[in-house]
Amino acid sequence: MTENTNKIIPVADMRYASRVPSIPAQLLAPTGLLSDTRGRPLRDLRISVTDRCNFRCNYCMPRSVFDKDYAFLPQSSLLSFEEITRLARIFVAHGVQKIRLTGGEPLLRKHLEVLIEMLAKLQTPAGKPLDITLTTNGSLLAKKAQSLKDAGLQRVTVSLDGLDDAVFRRMNDVDFPVIDVLKGIEEAQKVGLAPIKINMVVKRGTNDAEILPMALYFRYTGSVLRFIEYMDVGASNGWRMDEVLPSAQVIERLSAEFPLTAIDPGYAGETAARWRYADGAGEIGVISSVTKAFCSDCNRARLSTEGKLFLCLFASQGHDLRALLRGGFADEQIAAAVGPIWQTRGDHYSELRAALPADVGLGDGARRVEMSYIGG
Ligand code: SAM
Ligand code: SF4
Ligand code: SF4
């Protein structure tokens, strides 16, 4: 071990509180029917494959915090593909049907296609394939779309905060040109990683002028543009309520140009409220994480790059599954430990925050996880 590694590991490993789950004396086998204290099933697992990113979006990884001295996780802390697949198999036995790879920027993880191939072989207890998708900033997508598709990825979600090159470069804060992301989206469409979802985080006064151009660009393409309210996730983005543009206003602005009709959710627990263009140009979505909490059917668990399980995007404490993986425990033991974690879950942060005055976040004294660490 080098001197440098000695320095980094403790900082990185202790960045967020976590506890090692206990193994129950009686090993109950997964039934696929877990339910938390609010009656919510476990269906969706988001796996962060890296905490690094080549962008510095100011709402997620502001340069002032994620600078050259920032201690990203060392390689030895990351779950290996075998470890990720082992945990994914356990979660699928517990009811997970959908896996989303995220990060950081997931396409920065070397040989990600190998992991996708491994995950694509998993099946639900009913013998169905998993729904495997990935969220990316699109910077490497033009190069990787075909190999991702070949590995078994079904769809992609691409984050894109505007079409105006100057606005986009300012938001990613690494001077990355928008045209390269648009080429990535085209390539993903060409190879069939579709229907593509396009995520636009809207910050009032920063990129809200991009709402209409984005809608115009993606109408009639088959891609589904989703407008996300800027969230108070993490502890470093300096979030302020006056920079949130409520989804209701996004819909107001859009419907002044293109009449819209609300449509039903595609599935239980869908985060986006869906709208269809009345003229048949396709559909859009709004994700109102701030103004309209959707905790009541939140069926998502999140696995950090270093194998900590988080039950809410706004959690400050994780459950250290890597300690179990590396502690020599059998799958049956780890599965039996995961069950009670979900069964005792009561998280509903956004609902609690919605009950407070507009610009107040909920502080619980502990450091909340960053979006780049846990994924979106
Ligand atoms: N790097 C990839 C990307 O940007 O698509 C994947 C990880 S990123 C953390 C996942 C999603 O979280 C992105 O769509 C991003 O826009 C969104 N996100 C990050 N910080 C956010 C915030 N403060 N509010 C709302 N969405 C945020
Ligand atoms: Fe990177 Fe995605 Fe965060 Fe932007 S939103 S800094 S692309 S992880
Ligand atoms: Fe789910 Fe937590 Fe978001 Fe509520 S605040 S929807 S519980 S992740």
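Predicted model: local features only at pLDDT ≥ 70, side-chain atom pairs only at ≥ 80, totals over all residues.
Although Arg276 and Leu260 are 16 residues apart along the chain, their C-alpha atoms are separated by 5.4 Å. Leu260 is also among the contacts of Arg276 when neighbours within four places in sequence are left aside, and the other residues in that set are Pro259, Thr261, Ile263, Gly282 and Glu283.

## Packing of helices α7 and α8

Helix α7, made up of residues 211-218, packs against helix α8, residues 247-257, at an angle of about 55°, and the axes of the two helices are 10 Å apart. The two helices are therefore oblique to each other, and α7 passes α8 in a right-handed crossing.

On the α7 side the contact is made by Ile211, Leu212 and Ala215, while α8 contributes Val250, Arg253, Leu254 and Glu257. Sorted by class, this contact has 5 nonpolar and 2 charged residues, with no polar ones.

## The shell around ligand 2

The residues around ligand 2 are Cys53, Phe55, Cys57, Tyr59, Cys60, Met61, Gly104 and Asn137. Divided by class, the shell around ligand 2 holds 6 nonpolar and 2 polar residues, and no charged residue is found in it.

Methods: Residues numbered from 1 in each chain as written. Chains lettered and ligands numbered in written order. Heavy atoms only, no water. Axes fitted to C-alpha atoms, helices over the stretch in contact; angles between N-to-C directions. Helix = DSSP H or I, 4+ residues; strand = E, 2+ residues; numbered from the N terminus. Parallel < 35°, antiparallel > 145°, perpendicular 65-115°, else oblique. Left-handed = near helix turned anticlockwise from the far one by under 90°. Contact = heavy atoms within 4.5 Å. Nonpolar A, V, L, I, M, F, W, Y, C, P; charged D, E, K, R; others polar. Near = heavy atom within 4 Å.
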